[in-house]
Number of protein chains: 2
Amino acid sequence: MKLAKKTLDERLDRLYDVIIVGGGAGGLSAGIYTQRYLLSSLIIEKGRGRSFWMQDLRNYLGLPPTTPGRELLKQGQEHYLSLGGDYLRAYVEAVKDEGDYFSVRVKVGMKDSIYPVFRSKYLIAASGIIDNLPQLENMQNVYDYAGYNLHVCMICDGYEMADRRCGLFVNSEANINTAFVLNWFTPYLFVFTMGLFPVSDAMRQKLADHGYRLIETPIKQFLGENHEMTGVELVDGTVIPLETGLVAMGAHYHKDYLAGLNLQQAGENLVTDEMCRTSHPRIFALGDLKQGLNQVSIAVADGTLAATAIWREIRRASPARRWEADPAMAAP
Amino acid sequence: MKLAKKTLDERLDRLYDVIIVGGGAGGLSAGIYTQRYLLSSLIIEKGRGRSFWMQDLRNYLGLPPTTPGRELLKQGQEHYLSLGGDYLRAYVEAVKDEGDYFSVRVKVGMKDSIYPVFRSKYLIAASGIIDNLPQLENMQNVYDYAGYNLHVCMICDGYEMADRRCGLFVNSEANINTAFVLNWFTPYLFVFTMGLFPVSDAMRQKLADHGYRLIETPIKQFLGENHEMTGVELVDGTVIPLETGLVAMGAHYHKDYLAGLNLQQAGENLVTDEMCRTSHPRIFALGDLKQGLNQVSIAVADGTLAATAIWREIRRASPARRWEADPAMAAP
């Protein structure tokens, strides 16, 4: 059921089989599988994750390619709740390993917040990432286009950028290299550094050799209307007409609550085995938090894998159910 | 486009980037990703695979849990065709490795069959498995219930079997062990061997210890109506009332066309790496054909992985696209 401030007291003495941090594609899939394995679970979702911002989910089998990410989340939430899972809108502050179980401290409510602590045998970290965006004075101007034709994922939306005049927005020289992959889809590239870092001579030369424009002047604003970005205005008044854009400025990883658990990482990503198990035997990580492709389909499969691994372990540690357990169901 | 006998001639001199054998969940996902990577692909689907028979797909994020498998396939096929992929209803007879490319010989049409040969750089084996079913004189009686409440996948449908009087239909002593996993969902188990094999004394004892019934008399027919199986009638006239059932009789692997390519196997499954690549560097295997869970979500993710690995390889082997490639798109 959907928990709220008033109803969550009765859950505080429960030991959940699994607490899932994050109600995006991975977390919801893990929750659906967990409940279908007859295990108990609680999804804690802070809201407004990466898939929430996705205007069109164009590459997920079974849904029309115009399905917004929030539709997927809505459907998944209903699906999960119909299986008896618990769902709480809250922010996970800290997870503590108590030996046999985890204590999960959350903040509920922005005003008059309360800080309940839930407990579970297993933890699934499905809290994902959020893309860094160009920082303009008026951030609403960025949000007007991000997730529409100002994309954040080349694998998801490269197809829509094909042969278009495309802005590539970067915050480091390393990220400029995205241009030399993005050129598979379009060679009409304008690389915007926004003056955030110096560009080496070697990189300038490489961009020039490919005919890609390098623009280092900071951006004043994105131009366009109805969420259709049509160009960029620089602070010096120059206007660069564009048809599409890709932001490649890295991402923020939502995993502060895992600090202190000493999970093995590769860069910012959590290292996991083939069942999405981290270096802690009772913590799993899904989707964008772990190594691999940041795709909805991958996160959904990750949820399947983690829930299955947990079920197998709990099942094997449980006594076998004998027919005699319920004499009411008489044998013929 | 959908190819037919009349229209496929023009495709015979094409070298596809990828030919995908099988248009189930894995093949369609691979096709959608391949087309979105601006690669060319052909899906060859023989029809009536495992997901086609699935009456309710209850554990796939984004779709209501009453969605029939054929709905997923229909939506996926439209999605794939909208991206310009080629799709052919045909049976793949043989694949030959010609060094730089594969020759794929297919049989088109049940009557007046023709045998065209298509060519591709990469091959994706997504042809799946089909479950073995109890062989009764009247097979229609089996089809009336299989995929409804006579299930073939415990992970998919164990939830629906919870605490129900359940028949487990097996064709080997090894498969009887399914009972000791299925008992997580229900202990009210009737194991039907149908007299196909002798049962060891140790197994008889183990079943008896758990209170599970062993029934070795062959089955005359399933009982029920409107696809709701309500029991089994044995050849001696005995009737065993049931509420649900699971068939655990192994499966047939659709991979005859790979014979001669010497792909590494583990039992009947193809061995693959983390991107679904088989032991042949240009052949990938997805979903039920490879090791791992036989789940729609896994097959869909596998399609993502294989298509991405192929794209990366083709992209890296291709010359970089420079702006000058198309002077019509003038720089400002």
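## Exercises on a predicted two-chain model

**Exercise 1.** Skipping neighbours within four places in sequence, which residues is B:Ile19 in contact with? And what is its place in the largest nonpolar core?

*Solution.* Start with the partners in this predicted model: B:Ile19 touches B:Leu42, B:Ile44, B:Phe102, B:Val104, B:Phe118, B:Ser120 and B:Leu123. Next, zoom out to the core. It has 113 residues, and B:Ile19 is among those that touch the most other members, along with B:Ile124, B:Ala125, A:Ile19, A:Ile124 and A:Ala125. Finally, look for other cores: a separate one of 30 residues includes B:Met161, B:Val170, B:Phe190 and B:Phe222.

**Exercise 2.** Work out in what order the strands of the open five-stranded sheet of chain B run, and which strands sit at its edges.

*Solution.* Go strand by strand and you get β9-β16-β10-β11-β12, with parallel pairing. The ends are β9 (150-151) and β12 (213-215), each of which pairs on one side only. Now check the β9 end: 2 bridges tie β9(B) to β16(B), residues 244-248, and B:Leu150 has B:Gly245 as its bridge partner there.

**Exercise 3.** What rotation and shift superpose chain B on chain A, and what kind of axis is that?

*Solution.* The superposition takes a 180 degree rotation with 0.0 Å of shift along the axis, at an RMSD of 0.0 Å. So you're looking at the relation of a two-fold axis. In chain B, the C-alpha nearest that axis belongs to B:Ala301, 3.1 Å away. As for the contact residues of chain B, 100% recur in chain A, so the same surface serves both copies.

Key:
Residues numbered from 1 in each chain as written. Chains lettered and ligands numbered in written order. Predicted model: local features only at pLDDT ≥ 70, side-chain atom pairs only at ≥ 80, totals over all residues. Least-squares fit on C-alpha atoms with pLDDT ≥ 70 in both. Contact = placed C-beta atoms within 7 Å. Core = buried A, V, L, I, M, F, W, Y, C linked by C-beta atoms within 7 Å. Buried ≥ 20, exposed ≤ 12 C-beta atoms within 10 Å, placed from the backbone. Pairing = 2+ DSSP bridges. Helix = DSSP H or I, 4+ residues; strand = E, 2+ residues; numbered from the N terminus.
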